[in-house]
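Welcome! Take a moment to look over the sequence and the model shown below, and then we will walk through a few of its features together.

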2 protein chains.
Amino acid sequence: MKSKKEQIFEVSARLFRKRGYVGTSMRDIAKGVGVEAASLYNHIKSKQEILHELLFDVAGRFTTGMDEISDSSLNPLQKLEKLISLHVRLAVEHTDAVSIIIGEWVHLEEAAKNEYTGLRDTYEEKFKAIIQDCISEGHFKQVNPEIALFSILSTLRWLYSWYSRNREISSVELEKQMIECLLVGLKK
Amino acid sequence: MKSKKEQIFEVSARLFRKRGYVGTSMRDIAKGVGVEAASLYNHIKSKQEILHELLFDVAGRFTTGMDEISDSSLNPLQKLEKLISLHVRLAVEHTDAVSIIIGEWVHLEEAAKNEYTGLRDTYEEKFKAIIQDCISEGHFKQVNPEIALFSILSTLRWLYSWYSRNREISSVELEKQMIECLLVGLKK
């Protein structure tokens with residue numbers, strides 16, 4: 001049984017995704033949870049607090065995952081495969097929350113916004129370093145690491161939107177297909 | 001020398017991209033063009049008309065490009081390469097306008113919105129058919145065509161945002177790198 005607070009976050013993630021943070025009111029959230037709007041405030045301070053919690057929870061999962069992979073003794077190509085798994089797993093397990101990290105962070109308050117973009121930049125830097133290692137250790141061709149990063153990340157970012165319309169695919173199969181499309185290549 | 005109308009569209013595309021359609025006022029557009037707000041109406045009827053023109057202009061370029069490529073006598077793999085070129089070329093030549101087609105179409109009026117999503121769906125169907133031909137004619141491995149489509153399109157959709165921060169790269173080089181990343185594969 002989920003706690004009231006967990007229900008609030010779950011409903012908020014779904015609504016923020018569907019209507020955006022700005023287009024969602026505390027009243028909408030209360031209605032989704034099935035409580036009076038006033039009683040929401042027994043559990044959370046504000047809509048901003050909900051956004052903050054949702055975004056930093058997901059960002060934390062990505063950051064922890066990245067650190068574990070980055071610090072492991074795997075070779076860089078294996079690390080990339082693990083990163084793709086991480087994105088697939090988080091998109092499958094936290095579809096709504098992951099879907100809002102792309103657009104809705106702009107509505108964080110200034111200090112939180114800076115902290116958030118800092119986390120994102122660090123994440124991207126570590127991702128790029130692994131791609132660079134793939135190139136310098138001969139796993140990859142001599143491609144532009146910026147373009148390879150951008151190509152992989154953009155696909156991973158759209159994963160949630162594709163996945164929510166195609167839930168019949170297993171996450172194992174999805175992971176295998178993503179590695180094929182993103183790393184190995186489509187061409188025979 | 002650009003006409004006043006062309007200047008209005010150019011400034012609007014830049015502002016819609018930066019602040020969104022909703023966050024941009026006719027006053028902002030007038031200021032960007034360097035005229036009085038009232039005199040904008042000598043050239044266009046409304047902000048909605050500007051959005052409509054910008055989106056359908058770009059959609060038309062994609063649709064025409066797709067039809068030429070799709071109907072050509074090229075093999076499906078060559079067609080895909082041409083589609084990547086089309087996306088690179090439009091992202092390079094119309095960076096601001098291309099950048100708003102992803103998010104801002106939701107602000108079109110109902111009838112226009114339906115027409116617009118119809119164009120998009122047809123475009124994606126034709127794109128998928130070419131990928132399916134690549135698989136059935138043996139150019140590609142037996143991948144899930146939906147995932148391959150999504151993987152390629154999502155990268156192409158983020159191209160404009162990456163390109164606007166990395167303008168020093170030539171479009172020829174960018175095209176080559178995109179084909180390598182998206183079709184041939186990164187792995188050695």
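## A helix and its buried side

Which residues of α9(A) are buried? In this predicted model, they are A:Leu174, A:Gln177, A:Met178, A:Ile179, A:Cys181, A:Leu182 and A:Leu183. An α-helix has 3.6 residues a turn, so residues three or four places apart point the same way.

What covers these buried residues?

## Checking the helix length

Helix α9 of chain A runs over residues 171-184, which is 14 residues. At 1.5 Å a residue it should span 20 Å, and its end C-alpha atoms lie 18 Å apart, so the two values agree.

## How the two chains are related

Chain B can be superposed on chain A by a rotation of 180° with a shift of 0.0 Å along the axis, giving an RMSD of 0.0 Å. That is the relation of a two-fold axis. In chain B, the C-alpha nearest this axis belongs to B:Gly185, at 1.7 Å. Both copies use the same surface, as 100% of the contact residues of chain B recur in chain A.

## Two crossing helices in chain B

Helix α1 (residues 4-19) and helix α4 (residues 47-70) of chain B pack at about 85°, with axes 10 Å apart. The angle therefore makes α1(B) roughly perpendicular to α4(B).

Residues making this contact include B:Ile8, B:Phe9 and B:Phe16 of α1(B), and B:Ile50, B:Leu51 and B:Leu54 of α4(B). Sorted by class, the contact has seven nonpolar, one polar and four charged residues.

Conventions: Residues numbered from 1 in each chain as written. Chains lettered and ligands numbered in written order. Predicted model: local features only at pLDDT ≥ 70, side-chain atom pairs only at ≥ 80, totals over all residues. Heavy atoms only, no water. Helix = DSSP H or I, 4+ residues; strand = E, 2+ residues; numbered from the N terminus. Expected span 1.5 Å × (residues − 1). Buried < 20%, exposed > 50% of the residue type's maximum accessible area, 1.4 Å probe, protein only. Least-squares fit on C-alpha atoms with pLDDT ≥ 70 in both. Contact = heavy atoms within 4.5 Å. Axes fitted to C-alpha atoms, helices over the stretch in contact; angles between N-to-C directions. Parallel < 35°, antiparallel > 145°, perpendicular 65-115°, else oblique. Nonpolar A, V, L, I, M, F, W, Y, C, P; charged D, E, K, R; others polar.
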